[in-house]
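Have a look at the structure first, then read on.

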Amino acid sequence: MRTTLHRETTGGTDILDLTSDVGRYVAESGIREGWVLMFVPGSTAALTTIEYESGAVHDLERAIERLAPRDAEYEHNLRWHDGNGYSHVRAALMGPSLTVPVTGGELATGTWQQIVLCDFDNKPRTRRVLVEVHGPTS
Ligand code: ZN
């Protein structure tokens with residue numbers, strides 16, 4: 001059971017909530033017990049979870065800025081001149097995939113835990129997120 005979610009991003013550090021779309025697909029899949037695997041193709045985007053409220057999202061953006069500052073010097077930029085060395089480092093630190101258990105036909109995420117796509121690239125992108133639900137169909 002696989003689908004693809006699409007998101008348009010702006011080229012800033014976009015952090016987008018995917019939880020309702022993933023949850024809807026899990027429900028449609030008919031799988032009650034199993035897991036859902038999500039993967040974002042591309043070396044400048046990542047998946048994680050966070051409490052999706054503006055304070056926590058801004059805190060995450062600021063923490064990422066401290067870890068891999070936009071204006072720092074990156075060998076990638078010197079080599080390729082695409083200016084997104086920080087984007088690659090940020091994406092690598094966070095990782096491109098996420099697995100969430102499915103119990104009773106629902107995501108086993110916490111009440112305040114949302115699934116988010118992080119796009120770190122320096123230009124707008126159309127992102128694809130592959131979503132696969134695994135488990136016995138009832
Ligand atoms: Zn690059």
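This is a predicted model: local features need pLDDT of at least 70, side-chain atom pairs count only at pLDDT 80 or more; totals for chains, interfaces and linings use all residues.

**The zinc site**

The zinc ion is held by H76 (NE2), D82 (OD), N84 (OD1) and H88 (NE2), at 2.0 to 2.2 Å. Along the sequence, these donor residues follow the spacing H-x5-D-x1-N-x3-H. Why is the arrangement of the four donor atoms irregular? The angles they subtend around the zinc ion run from 87 to 173°, which makes it so.

| Residue | Relative accessible area | Class |
|---|---|---|
| D82 | 33% | partly exposed |
| H88 | 21% | partly exposed |

The cut-off matters for H88: buried means under 20% relative accessible area, so H88 at 21% counts as partly exposed.

**The overall fold**

The chain contains four helices and eight strands, arranged along the sequence as β-β-α-β-β-α-α-α-β-β-β-β. Its C-alpha trace spans about 55 × 30 × 20 Å along the principal axes. Of the 138 residues, 39% count as buried. Looking at contacts between residues at least 6 apart in sequence, 80% join residues at least 24 apart. The chain exposes about 7500 Å², and carbon and sulfur atoms supply 52% of that area.

**The sheet**

Five strands form an open sheet in the order β1-β8-β3-β5-β6, with antiparallel pairing. At its edges are β1 (2-8) and β6 (106-107), each of which pairs on one side only. The antiparallel pairing of β1 with β8 extends over seven bridges, and T4 stands opposite L130 in β8.

In soluble globular proteins, nonpolar side chains tend to be buried together. Here the largest nonpolar core has 20 residues, and V22, V36, M38, L47, I115, V129 and V131 have the most contacts inside it. Two or more residues come from each of α1 (19-29), β3 (34-39), β4 (45-50), β5 (97-103), β7 (114-119) and β8 (126-134).

Which residues does M38 touch, leaving aside its neighbours within four places in sequence? Its contacts include V22, L47, P96, L98, I115, V129 and V131.

Note on methods
Residues are numbered from 1 along each chain as its sequence is written. Side-chain values use heavy atoms; hydrogens and water are left out. Donors are N, O and S atoms within 2.8 Å of the metal (3.2 Å for Na, K and Ca); water is not among the atoms, so sites may look incomplete. Four donors count as tetrahedral if all angles lie between 85 and 135 degrees; four count as square planar and six as octahedral if opposite donors are over 155 degrees apart and all others between 65 and 115; anything else is irregular. Buried means under 20% relative accessible area, exposed over 50%, partly exposed in between (1.4 Å probe, protein chains only). A nonpolar core is a set of buried Ala, Val, Leu, Ile, Met, Phe, Trp, Tyr and Cys residues joined through side-chain atoms within 4.5 Å. Contact means heavy atoms within 4.5 Å. Accessible areas come from the Shrake-Rupley method with a 1.4 Å probe; for residues, only the protein chains shown count as cover. Two strands pair if DSSP finds at least two bridges between them.
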